[in-house]
Amino acid sequence: MRQRLKSFSLALGLAGFAAPAFAATQYPLTLANCGQQVTFEKAPAKIVSIGQGMTEVLFSLGLADKIAGTAVWVGPVLPQYADANSGIKRLADNDPSFESVVGAEPDLVAAEFEWHVGTQGSVGKREQFRDLGINTYVAPADCVAKVNTDGGDGVRKELFTMDLIYQEIAELSEIFDVKDRGDALIAEMKKREADAVASVAGAAAKNLPVVFWFSSKEVKGDAFIAGKNSAPAYILKTLGARNVVTTEEEWPLVGWETITQANPSVIVIATMDRRRYAADDPKVKVDFLENDPVTGELDAVKSKRFIMMDAQSMNPTIRTIDGIETLAKGIKSFGLTQ
């Protein structure tokens, strides 16, 4: 991972010498974004970023100096951005207040999820920000072929793909007039994705039943499990494995009796620093699985086939490719590939 990051940094450093000239953004720029038309008269000068995935995209585009505040974190920032991130005000670990966001005086609020900034936004509605002269941008991965009107994690009608992340990168790079950086980042991400797929070619675990457990409000209660069109579902499809959940909800709450009936061979456990819910701690998850009389009968539990995966790799983010690599290595280590 570190070597890849060094390579990418080098590629950016050489861009001025080897890359072709890129057309500058022509302002005013109008984009269709999650059902709304958003117009930028110039590149935004101050951003509040709501969602770790959004923040890491902005860092990857070299826009740290424009970020006035961040919120909604589930774990450490990517290590190469730790120094930059330490100097930026964190408005909240979870949902920030509308007042705290506005108080940072941004001209753009960029959100990873519509439930934070959207029709029923827990932070604020897009109209509320617009009335104050503040533009908003929401990641396409959270609205393209996805419905977020129930107040939860939403319902995804089509399988997520990394193309939605590449769209986000391309649009943000155009908004900020850094198209050269955006194109370089997309090229690097596509190469990593292709390499990840190639790494498991001929060794995919065909139809291997797998479950992704993000967290639970109560340790012994229903669990937030990845739905059939989520980012983890894309990871599974890439590797030829099978999701035990068939609902279109992004992260449905599923009872362990139902999961037991599917009897997954592998359980992928989200790791995070966040402690919002009772089962955020991966150690708590494993302890429950091994000691509960129902889950203790699962093949995955009996054989201790647990794969620890960074929670951000389970969300539609630039880290989803890390998730492909992590799952592939885990499946191979268990001797389950065919």
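## Fold, pocket and selected residues of a predicted model

At a relative accessibility of 59%, Glu105 counts as exposed; this class requires over 50% relative accessible area, buried residues have under 20%, and partly exposed residues fall in between (1.4 Å probe, protein chains only). The structure is a predicted model, in which local features need pLDDT of at least 70, side-chain atom pairs count only at pLDDT 80 or more, and totals for chains, interfaces and linings use all residues. Residues are numbered from 1 along each chain as its sequence is written, and side-chain values use heavy atoms, with hydrogens and water left out.

**Confidence and overall fold**

The protein chain has a mean pLDDT of 91, with 91% of its residues reaching 70 or more; pLDDT is the predictor's confidence in each residue, on a scale from 0 to 100. Over residues 1-19, however, the pLDDT is below 50, and this stretch makes 15 contacts in the model beyond near neighbours in sequence. A contact means heavy atoms within 4.5 Å.

The chain contains 12 helices and 15 strands. Its radius of gyration is 20 Å, close to the 20 Å given by the globule rule for 338 residues, so the chain is as compact as a globular protein of that length. The radius is taken over C-alpha atoms, and the rule is 2.2 Å times the number of residues to the power 0.38. Helices (H or I, at least four residues) and strands (E, at least two) are DSSP runs numbered from the N terminus. The C-alpha trace spans about 60 × 45 × 35 Å along its principal axes. Of the 338 residues, 53% are buried. Among contacts with a separation of 6 or more, 68% join residues 24 or more positions apart.

**Backbone features**

Most residues other than glycine have a negative phi, and most peptide bonds are trans. The bond from Tyr27 to Pro28 is cis, with omega near 0°; Pro28 sits in the loop between helix H1 (2-18) and strand E1 (29-33). Val72 has a positive phi, near 65°, and belongs to the loop between strand E4 (67-71) and helix H3 (82-86). Glu105 also has a positive phi, near 55°, and is located in the loop between helix H4 (98-103) and strand E6 (108-111).

**Buried residues and their contacts**

| Residue | Relative accessible area | Class |
|---|---|---|
| Val72 | 13% | buried |
| Leu61 | 0% | buried |
| Asn33 | 2% | buried |

Leu61 occupies the loop between helix H2 (52-60) and E4. Neighbours within four places in sequence aside, Leu61 contacts Ile169, Leu172, Ser173, Val178, Arg181, Gly182 and Leu185. Asn33 is part of strand E1 and, with residues up to four places away not counted, touches Val38, Arg126, Thr136, Tyr137 and Val138.

**The largest pocket**

The largest pocket holds about 650 Å³ of space. A pocket is an open set of points on a 1 Å grid over the protein atoms alone, where a 1.4 Å probe fits, with protein on both sides within 12 Å along at least five of seven lines; lining residues have an atom within 4 Å of a point. Points are joined across faces, edges and corners, and the volume is the space filled by probe spheres set on them.

The lining comprises 32 residues, of which Trp115, Asp153, Phe224, Arg274 and Tyr277 lie nearest the centre. It divides into 12 nonpolar, 9 polar and 11 charged residues. Here Ala, Val, Leu, Ile, Met, Phe, Trp, Tyr, Cys and Pro count as nonpolar, Asp, Glu, Lys and Arg as charged, and the others, Gly among them, as polar.
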